[in-house]
Amino acid sequence: MTNRKQLFWATTALMSGVLMAGAASAQSTGTAAVEIDEVVVTGQRGPRNIDGAIVAETVGKSRSTVTSEFIETQAAGQTINEVLNLVPGMSFTNNDAYGSSGGNIRLHGFDGPRISQTFDGMPLNDSGNYSLYTNQQLDSDLIASASVNTGTTDVDSPTASASGGTINMSSIRPTTEFGGRIKGSLGDDNFRRVFALLNTGEVGPLGTTAWFAYSDQSYDKFKGQGDLNKTQYNFKVFQPLRDNGDFVSIAGHWNRNRNNNYADLQLKRNPDGSASLADGVTWETDFDNNYHKTPTFRNGVADTESSSSSTSRYWALRQNPSDTGNLRAQSRFTLRDNLIFTFDPSFQYTLATGGSGQFVLSETDRTIRGSKTTGGVDLNGDGDTMDTVRVHSTNNTHTQRYGISSSLIWKLTDSQTLRAAYTLDDARHRQTGLNSLIDFSNPSEPRFFDPFAGLHDKEHRIVNLDGYEIRSRDRLSYATLNQFAVEYSGRFLEDTLRVSVGVRAPFFKREMNQNCYSQSKTSSVACTTETAVKQADGTYKLGSRTQSYIAPYSREVKFDDILPNVNVSWNFTGAHSVYGSFAQSLTLPRTDNLYTVFFDADGDLTSPITEPEKTTTYDFGYRYQTGTLIASANVWYTKFDNRIVSRYDPDLGVSFDSNVGDVDLYGFDSQVGWSPVEGLSLYATASYTDSEIANDYLDNTTVVKTGGKSLTETPDWTFGGRIQYETGPLQVGAQVKYTGERWVTDVNDLYTEAYTVVNADAKFDLGYFGYKNSSLALRVVNLLDEKYFGSISGATDASRNTYAYRGAPRTLQATVTYAF
């Protein structure tokens with residue numbers, strides 16, 4: 001319900017434990033213990049919030065938090081990153097109305113791989129290239145709160161990629177009473193979703209509580225053919241240990257996605273530099289409904305497939321499957337009255353592809369022949385080896401990842417705390433690319449035998465004349481982060497001044513095992529059994545190939561740094577406070593950056609290893625927080641050092657990712673939430689981001705004039721707002737997000753125009769008819785049916801091909817919730 005929500009944080013140890021178990025805004029149990037302890041000791045009131053859209057913050061840095069109450073007003077099944085799109089400083093472009101197609105994040109100009117996202121303290125960025133997959137995350141129905149730190153990290157942030165800030169999510173805690181709820185949703189594009197949650201209540205003599213949840217959603221693409229399916233299983237068990245806040249919890253998550261892709265739209269440059277659809281492209285353009293040419297299978301005839309990229313645009317051969325899961329635990333133990341230990345271990349499993357790779361392969365290709373000089377393999381079963389055949393080849397990534405986030409917290413006095421933290425992130429990152437046959441049993445409607453290109457279907461793997469299973473890549477990486485941190489927190493001037501000083505020291509090691517031949521000075525590889533002849537310079541010639549290759553190898557790289565973190569807040573009157581923060585963060589080179597190798601002048605295997613990207617952020621803000629009004633505004637500046645882009649090195653004669661210079665970013669964020677009367681709440685945000693790239697760089701032999709230009713895909717202005725009103729059993733709301741112009745190209749000669757999306761929602765409380773906590777809800781995404789470009793795929797300049805995804809059209813959804 002809409003009211004002037006105030007949770008009075010009691011000074012009892014029991015209430016301290018209850019609040020910390022939820023870890024409302026903090027990233028880890030250790031950070032939560034420090035933050036909540038400060039509030040409990042002082043008897044401070046909070047956290048106030050306005051309908052869950054804005055929460056009163058006390059930390060000495062810019063942080064915005066939403067709670068489950070606001071999340072509940074959004075579309076069922078929606079990704080949490082779209083829910084956070086109203087938060088100042090954040091811009092998220094969702095690739096469809098329901099979230100299963102993923103999307104693109106920008107936070108103060110930084111993209112997803114440079115932003116750390118955590119889930120109950122466990123890092124979600126993948127361990128290889130630090131990518132974020134927003135369609136694979138926890139159902140929003142199970143998120144208690146989500147917070148965004150713009151540009152700064154917590155001192156124990158468990159990540160090697162946080163130069164742009166952090167996004168932290170916390171799952172709900174089981175209730176002490178038995179009950180649950182079932183949600184059923186229907187919507188446009190044949191949307192169907194069911195969600196079920198069961199709370200066991202307190203079970204057994206120790207008061208153990210647990211919840212178990214299941215969801216399944218599917219819908220058709222809003223354009224073109226194909227559908228998207230997502231199934232999730234989740235659970236959480238919570239065990240309080242004493243009445244002092246100590247506890248142990250364990251939770252599990254499993255997510256299965258099977259999605260058909262949307263086609264991005266090619267852009268053209270208008271005379272004023274703005275982007276529009278290229279000639280022949282419409283808003284409804286998607287992958288082809290019909291296969292380009294029904295293949296023939298004739299013995300003794302050379303049947304051919306076109307190798308043109310346009311012939312691989314059949315919708316059913318455009319998929320992006322993934323299976324992800326994790327187990328995570330959180331715990332707190334009071335060792336002595338002034339000594340607390342927290343321990344959060346986790347395990348993650350990922351099996352995902354890089355999309356729907358496919359190509360045309362000759363039945364006598366050199367990879368098919370291997371070490372043989374003649375012969376071939378009949379790939380299409382027509383009895384000859386004269387053909388070229390379309391085959392399936394996708395980049396599979398299989399990750400097994402272990403993590404630990406732990407803290408030892410020593411209360412020196414009632415107002416002084418010292419914390420030591422240790423973080424481990426250890427990932428085994430297996431990347432393969434098997435080649436598999438495509439099912440042409442119905443030649444006009446081909447299908448994949450296995451969405452993972454033969455990983456689960458050995459029968460249809462392509463095997464060459466040497467008995468070797470053909471593949472496009474084969475490598476194994478181990479990424480290990482050991483991080484140590486210390487933090488001092490103190491309160492002064494009758495608890496009005498809070499100071500936190502910390503430092504974290506990450507030690508990162510990546511072991512790389514390349515099982516294929518690497519083309520010298522490129523990222524291309526040859527996975528083959530062709531005859532290899534060693535050359536005088538240590539490289540190899542493979543069969544009839546003219547390029548030089550480096551034999552399979554193992555190598556190791558290491559990075560480390562010292563990263564300070566300081567924040568101060570001063571509550572100079574009851575409602576007014578100011579704060580300031582200084583933090584350094586980094587993003588380490590990604591796996592793909594490090595697999596480009598060559599022999600240096602000394603004959604040693606090396607690579608153009610880049611330095612880690614590093615940011616130094618200064619942040620100063622003001623807050624005004626009462627029971628009916630919460631407002632904040634801040635200015636910030638980020639120095640972005642060692643920016644990594646793909647560039648051409650004329651001395652080495654190769655293109656690779658490397659450092660090209662620095663970027664200055666600056667701007668301001670503001671937000672206000674106001675509940676002027678009971679039942680009515682208003683929320684508004686405004687943000688401005690500007691950036692300036694320091695240097696030009698080379699692309700092949702062309703100088704790319706980026707010096708003085710701005711970062712791509714980053715809107716200059718964003719505005720957001722929400723109004724919500726509740727009367728009796730009826731709650732209605734509407735929200736708006738304005739996204740300003742965004743540069744598409746590095747040299748800033750092409751931009752997308754600003755756009756505005758309006759959403760609306762209404763909910764009727766069925767408690768009016770005696771069904772307590774049950775409801776009927778109607779939600780509309782893009783109420784005004786705005787046509788706009790969402791996620792962008794840019795280029796160096798407008799003479800190159802550029803693409804963008806269409807934003808979702810107007811979409812209606814209805815949800816019935818039954819609680820028991």
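Across the whole structure, a search finds 13 cavities of 30 Å³ or more. The model is a predicted one, in which local features need pLDDT of at least 70 and side-chain atom pairs count only at pLDDT 80 or more, whereas totals for chains, interfaces and linings use all residues. Residues are numbered from 1 along each chain as its sequence is written, and side-chain values use heavy atoms, with hydrogens and water left out. A cavity is a set of points, on a 1 Å grid over the protein atoms alone, where a 1.4 Å probe fits but cannot get out; its lining residues have an atom within 4 Å of a point. Grid points are joined across faces, edges and corners, and the volume is the space filled by probe spheres set on the points.

## The largest cavity

The largest cavity has a volume of about 350 Å³. Its lining comprises 27 residues, of which E82, N85, V757, N759 and V781 are the closest to the centre. By residue class, the lining of the largest cavity contains 13 nonpolar, nine polar and five charged residues. In this division Ala, Val, Leu, Ile, Met, Phe, Trp, Tyr, Cys and Pro count as nonpolar, Asp, Glu, Lys and Arg as charged, and the others, Gly among them, as polar.

At least two lining residues of the largest cavity come from each of α4 (80–83), β5 (90–94), β46 (730–739), β49 (755–765) and β50 (775–781). Helices (H or I, at least four residues) and strands (E, at least two) are DSSP runs, numbered from the N terminus. The most is given by β49, with five residues in the lining of the largest cavity.

Strand β50 runs antiparallel to β49, and six bridges join the two; A762 has L778 in β50 as its bridge partner. Strand β50 is also joined by seven bridges to β53 (residues 811–819), again in an antiparallel arrangement, with Q813 in β53 as the bridge partner of R779. Two strands pair if DSSP finds at least two bridges between them.

## The second largest cavity

The second largest cavity holds about 150 Å³ of space. It is lined by 20 residues, and S62, R63, S64, S632 and Q671 lie nearest its centre. The lining of the second largest cavity divides into seven nonpolar, eight polar and five charged residues.

Several strands each supply at least two residues of the lining of the second largest cavity, among them β4 (63–67), β10 (143–150), β39 (613–625) and β41 (654–674). Strand β40 gives the most to this lining, with four residues.

Another open sheet has four strands in the order β18-β17-β52-β51, with antiparallel pairing. Strands β18 (275–277) and β51 (789–793) stand at the edges with a single partner strand each, so one side of each is left without a neighbour in the sheet. The twist averages 45° from one strand to the next, where axes are lines fitted to C-alpha atoms, for helices over the stretch in contact, and angles run from 0 to 180 degrees between N-to-C directions. Strand β17 (residues 265–269) pairs with β18 in the antiparallel sense over three bridges, and S276 in β18 is the bridge partner of K268.

Leaving aside residues up to four places away in sequence, G325 touches H253, W254, F347, Q348 and Y349, where contact means heavy atoms within 4.5 Å. With those sequence neighbours again left out, T324 touches Q136, H253, W254, N255, Y349 and T350. G325 and G252 are 73 residues apart in sequence, and their C-alpha atoms are 7.5 Å apart in space.

Conventions:
1 Å grid on protein atoms, 1.4 Å probe; cavity = no way out; pocket = protein on both sides within 12 Å on 5 of 7 lines; lining within 4 Å.
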